[in-house]
Structures are given as structure tokens and as C-alpha cells.
Amino acid sequence: MTFFFQYLTINLLSRKRRRRSIPPISQVTKKSSSSAAAGACTTILDLPGHILIDILSRLPLGSVLSSRCVCTAWSTLVSDPLFTSLHIARVQPLELLLRANGLGCVSTALHLVDVDCIVKTAPPLDLNERQETRLNTKMLLPIPEYSIESRGVDQNDSSSSNSFLDRDYGIVNSCNGLLCLSKSIYNNPHIICNPFTGEYVSIPNSQGDDRFWGPVVPGFGYCPRSNKYKVVRLGFRLENMFQSMAEVYTVGTASWRSIGYAPFDLGVSLFATYLNGVIHWVSDDEKGPVFIVAFDFEVEQFSVVPLPPHFGETHKVRENLHHMNMGVLGGCLSACDVTFVDHFDIWVMKEYGDPTSWTKEYVIQTHSGHLHRPLKVLENEDILMIWDKRELVLYNPVERCFRYLRIHGVLSVFEALIHVPSFLPLMDAVVGDNLNVENIKTSSENELLEGAETLFLVEQGKPRAESQSPLLWGTNDER
Amino acid sequence: MADDGVNTKVEAVSKATTETIELRTEDGGVFDVDKPVAMEFLILKSFYEDEGRVFDKTSIRLPNVKQLELSKVIEYCTRALEFGAKSAAAAGDKDAERMVRQEREGFEAEFVDELSNEMLKELILAVNFLDIKEMLDFLIRSVANRIRNRSVAYVRQFFDIENDFTPQEEDQIHQENAWAFEGVDAD
């Protein structure tokens with residue numbers, strides 16, 4: 001990893017010298033540098049540029065962006081895609097986004113959670129103490145309804161300043177800083193977007209697109225080898241209601257392609273998880289066996305990923321078998337066995353594709369195992385989870401205790417998404433002739449955002465030990 | 001062949017006692033530095049290795065380093081070597097490893113707390129000149145921590161940079177990512 005950074009910084013430096021010859025800093029900041037003893041540095045301005053790059057690449061996303069304002073040289077430096085990739089490799093800013101998603105009412109605002117800040121803030125000391133964190137950062141889902149052209153057409157003014165829309169969008173999954181959105185009723189993938197830049201492209205609807213029987217199972221991913229983004233969907237077409245078909249759309253092309261029958265019947269898309277060029281779903285047929293279906297975007301083929309041995313076999317609560325909260329932890333596919341009454345297991349597939357590498361990493365004592373969805377393992381080894389779609393959880397596996405932070409908003413049900421922020425313009429990220437990029441970021445986006453609610457995280461009482469069951473939130477602290 | 005024998009004999013002797021090397025700073029400071037610590041300064045290490053000479057006590061003048069900085073550098077490097085040794089000894093024992101890590105984090109936090117912004121900058125210059133990789137990395141991390149989540153004005157002042165944007169250009173950047181400018185720590 002160190003070699004990689006050095007390689008990149010040297011490359012960045014030499015590339016810049018060839019193209020724009022910017023470093024060292026003293027030449028660009030227009031302050032006269034003091035004595036120039038041969039090879040010696042006398043002020044911070046005379047430092048080699050790679051040290052500045054090193055410093056900036058360690059900053060969190062917000063600071064990197066605000067450093068664009070410091071001076072023109074820094075702005076150029078920070079906007080360079082090479083710097084962006086160095087920054088992402090270094091800081092790994094996996095951000096947590098929350099979205100209100102209740103029954104029949106879905107928000108279009110995404111709220112950024114600064115997990116680092118929460119981890120570093122000490123929890124309350126006693127049961128009656130309460131701590132609130134305001135989630136300041138919001139952004140809107142880039143959708144056609146918010147683009148400047150369609151806003152004039154929309155008659156219902158109140159809906160444009162509110163972040164709840166009648167026609168809801170579902171989030172399929174995140175990949176390399178891009179989100180795939182689907183239209184709720186049929187779950188048909190419609191949009192690829194980047195919430196941080198406000199850009200989106202619409203997926204072309206080919207003829208007969210809405211002629212699906214029942215909901216579609218979509219997935220979004222990236223092929224590293226061919227450098228293409230693709231969307232796959234499985235569904236029953238009206239022409240053939242008994243056999244599910246699979247179709248693929250390569251972003252940047254004109255239309256969907258059929259790739260034949262889908263070898264698996266997935267009724268609903270469960271836990272769509274993207275990892276290294278492959279999208280995974282959990283089978284949801286509660287009467288049948290449970291398995292993980294994988295679709296490799298590069299070769300466009302389906303396969304089954306075997307589960308850990310004896311997974312869910314000692315099931316006291318069999319109906320929870322499919323609620324395995326599949327995700328990615330530490331770069332590996334993970335699944336939870338939540339069929340026990342008093343605890344749940346988190347399994348991690350250390351070597352992808354090797355079923356013998358499934359390791360039971362954590363055994364967590366709790367009575368509501370199936371409600372805990374692990375999201376990420378943090379730097380301090382705590383596990384970040386979401387509980388019952390309403391509370392964020394920090395679980396400390398060493399001290400064996402939980403911190404619960406209730407999410408306060410107009411609605412009380414949320415979806416959580418781990419997403420890598422990216423500022424690469426869509427034109428640069430996606431190759432293709434048929435790319436029509438739109439952008440919702442205009443000066444009036446801020447007006448729209450003002451109408452969006454602000455979420456709060458509320459932590460009540462000190463961390464709870466594993467042996468105690470979580471307090472059930474009563475109605476007495478509704479806002 | 002005979003030469004080798006002499007060399008190894010001298011080296012064996014120097015291992016027995018803690019060899020030191022004398023470093024003189026540009027403002028008249030004189031420091032006797034232990035060999036292992038001095039060898040962390042790659043600028044010195046390459047000097048000895050290139051010349052192919054046996055390590056013996058000579059005096060080296062460091063033209064770009066002042067005594068205050070050098071004393072801080074020596075302090076950090078000495079402790080860093082100690083932690084390295086402790087870490088190696090604790091290898092395999094997860095609890096011991098964690099303890100060493102926490103101890104080191106505690107020391108580093110205290111060390112950097114005492115440094116003013118000016119001092120931090122001077123140290124980076126000195127360490128960059130002396131070519132000490134681990135400490136440079138530590139200082140860069142510390143600077144990043146100092147400026148993270150700070151206002152643009154603070155960062156400019158820290159690096160002594162003039163703003164060369166027009167007000168309109170600055171406004172534009174603000175708008176593009178308004179959220180990044182909110183919630184910064186007070187100056």
C-alpha cells in the first residue's frame with residue numbers, strides 16, 4: 001500500500017510538472033520566499049509539493065472540498081482526478097447516508113452521518129443523560145423532478161420544495177460512488193446518479209419496458225476489466241409469466257439486452273450487495289432453502305455462493321433464515337445467522353469464492369438479532385449497525401457493549417447506506433456514446449434543501465452491556 | 001580479508017558500548033546522539049553507508065536545523081525506537097499489542113499537543129531535511145489533524161498563503177459544495 005501511495009504521489013508530481021508545472025508551493029502562492037540556500041528549506045512554502053499533497057489527502061471529504069477555496073493552486077490540485085483517487089485510497093471515506101423510508105412515504109433527501117465524529121464523542125454517563133447530534137449535511141437525490149427543466153412544468157409547487165414526492169424512488173445499491181435508483185412500484189431501475197455532484201443519467205426505457213408482471217429484481221455494478229457500468233434486472237415479462245428473464249443494460253449505450261432466462265426465481269430483491277464486479281442477492285422463498293445468488297457483470301453469468309456450513313441449522317426461529325442481513329464487512333461478503341433466540345452470528349467470507357473460508361467473526365448476545373443490520377467495521381474495531389431501521393448502533397466487541405443512537409425525524413423508519421463519495425464527473429467516470437448527463441445543482445437546490453427535514457441522532461443513557469437487552473423506546477420522547 | 005577481520009572487530013566493540021555521534025546545529029547546539037537513533041536520519045545513514053566507513057565518533061554539522069527542533073526530533077525518534085521494540089516483543093499477543101499501541105498514541109498526542117503551529121512547521125522542515133520517514137509521516141498526520149474541519153481563513157493563515165480568488169470565484173466554489181463549509185470549528 002505504501003508503495004502505491006509513493007508511486008501515485010511521484011506520478012502526480014511529475015505529471016503536473018509536465019502539464020502545468022505547479023509545485024513547489026512558493027511559486028504559486030505569490031508570497032516572496034525567503035533565502036534560497038541551495039537545497040535548503042527555510043519556510044513551509046519551500047517544501048516539496050508532495051508533502052502538501054500528502055497532508056491534503058489525509059483530510060476528510062469536507063475539508064478537502066473547502067481547501068479548494070484557499071487559493072487557485074490548491075483548487076486545481078484538489079480537483080485533479082489523480083488526487084481524488086489518492087485521497088479515496090487513503091482516507092477511505094465510506095460515508096453513511098440515511099434516508100427516511102417509511103411505508104408509502106419515501107424521502108428524496110439523503111443525510112450524511114459523520115461516523116468518525118460520533119465515535120470520538122464520549123457517550124452519556126448515566127441513564128438519564130441525553131445527547132443529541134444534528135445531521136447538518138443533506139443532499140437531494142438527483143432525479144428528473146429536480147432538474148431545472150422539469151421544475152417549471154410541475155404544477156404542484158409544494159411538492160417541489162418538500163423532499164417527499166408522490167412518485168418514490170428506491171435505492172437499488174451503491175457502486176464506486178454512484179447510486180442506482182428504481183421507480184418503486186415495479187422496482188424498475190431508472191437512474192444512475194451521483195448525489196455529491198448532483199449529476200444523473202436516465203436509463204433508457206426500451207419498448208415494452210413496463211410490461212413486467214410483478215416487481216423486478218435489479219442490480220447495479222462495475223466491470224473493472226472493461227471499465228463499464230452495468231445494470232441487470234430479473235423479472236417476469238407479460239409474454240411469459242412462468243419463467244423469469246434476465247436483461248442487462250450497459251450504461252452509456254442505447255438499450256437493454258436480453259441475456260436469456262434467469263436461472264433463479266427471486267421474488268423480491270433482498271440485500272442487494274455489490275462486491276468486486278459481482279452483485280449478490282439472498283433468495284427469499286421462505287419455504288425453500290436459502291442461498292446467495294450472484295451475477296458477475298463481466299461475464300454476465302449467474303452463480304450460487306455457498307453459505308457457511310450448518311448455517312441456520314440450529315434454527316429456533318426458522319422464519320428468520322432469509323433475514324440474513326447480507327452485506328460487505330472489511331471488504332468481504334458477510335451474512336448473519338439470526339435464527340437463534342438469544343444471540344446472532346456474523347459470518348465473513350474471507351476468501352471470496354472459497355466456501356471453506358467462511359469465518360464466524362462475531363457472536364453477539366441479544367434477543368433481537370434479526371433487527372441488527374451490520375453496516376461497517378470501523379477503524380477502532382467497533383461495528384456500526386442499524387437496528388430495526390430506526391437506531392444506529394455502535395457495538396464494541398472488546399468491551400461487549402452497545403451504544404444506541406435513535407434517529408429522529410418526521411418519519412421514524414430509515415434506510416442506511418454505506419457509500420463512497422466521489423467527485424468524478426459522470427462524463428469521466430462512465431464511458432459511452434449515449435450519455436446524457438443532467439445536473440440538479442443550481443443555486444436553487446439550496447432552496448429545495450431548506451424544505452427538507454433535519455435529522456437528529458439521540459443517544460440516551462450510557463452504553464449497554466451485551467447481557468442486558470436493549471431498552472424499548474417508548475412514546476414519551478417523540479419530538 | 002584481513003581488513004574484514006579488523007572491521008568486524010571494531011564493530012563488535014561498538015556494539016558493546018552505546019556509540020554516539022555528535023551533531024551540531026546552526027545555532028550552536030551540540031548533541032550526543034545514540035547510534036540507532038542517528039541512523040533513523042537517512043541523511044546521516046547514507047553518508048556512512050556511502051563512504052563505507054566504520055561508524056566512529058565524528059562531529060557533523062547540520063546547517064538547516066536549530067537546537068530546539070533537533071532536541072524534539074531526538075526525543076521522538078528515541079521513543080519511536082522504544083515502541084518499535086516493545087511492539088516486536090508483544091507480537092502475537094493481541095492484548096499486549098493493543099497496550100503498546102495505546103501507549104504510543106498517548107505519547108504522540110502529548111508530544112504534538114505541546115507544539116505550536118510555528119513549531120510544527122519548523123519540525124516538518126527539519127525532518128524533511130534529515131529525511132526521517134516515520135517522523136515525517138507522524139508530523140504530516142498532525143498537520144492534517146490541525147487543519148481538518150477548520151475554516152478557509154485558518155488554513156490560509158497556517159500556511160501563510162494569499163487568497164488569489166476574486167469574490168465571485170470564491171462564491172461559486174462555496175455554492176458548489178455549501179455543506180463542506182458549514183460546521184467548521186471556530187477559529
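This is a predicted model: local features need pLDDT of at least 70, side-chain atom pairs count only at pLDDT 80 or more; totals for chains, interfaces and linings use all residues.
## Ground rules

Local features need pLDDT of at least 70 and side-chain atom pairs count only at pLDDT 80 or more, while totals for chains, interfaces and linings use all residues. Residues are numbered from 1 along each chain as its sequence is written, chains are lettered from A, and side-chain values use heavy atoms, without hydrogens and water.

## Where the chains meet

Let's start with the interface: 40 residues of chain A touch 37 residues of chain B (contact means heavy atoms within 4.5 Å). About 3,600 Å² is buried between them, with carbon and sulfur atoms giving 65%; this is the accessible area (1.4 Å probe) lost on being put together, summed over both parts.

One salt bridge is counted between the chains (a side-chain nitrogen of Lys or Arg within 4 Å of a carboxyl oxygen of Asp or Glu). It joins the side chains of A:Arg58 and B:Asp137, at 2.9 Å from N to O. On the chain A side, helices H3 (49–56), H4 (61–66) and H5 (72–79) each give two or more residues (helices are DSSP runs of H or I, at least four residues). H4(A) gives the most, with five residues.

## A cavity lined by both chains

The second largest cavity holds about 60 Å³ of space (on a 1 Å grid over the protein atoms alone, a cavity is a set of points where a 1.4 Å probe fits but cannot get out; lining residues have an atom within 4 Å of a point). Its lining includes A:Leu56, A:Ser63, A:Trp74, B:Ile147 and B:Arg150. H4 of chain A and helix H8 (152–159) of chain B each supply at least two lining residues.

Conventions: Buried area is the accessible area (1.4 Å probe) that two parts lose on being put together, summed over both. On a 1 Å grid over the protein atoms alone, a cavity is a set of points where a 1.4 Å probe fits but cannot get out, and a pocket is an open set with protein on both sides within 12 Å along at least five of seven lines; lining residues have an atom within 4 Å of a point. Grid points are joined across faces, edges and corners, and a volume is the space filled by probe spheres set on the points.
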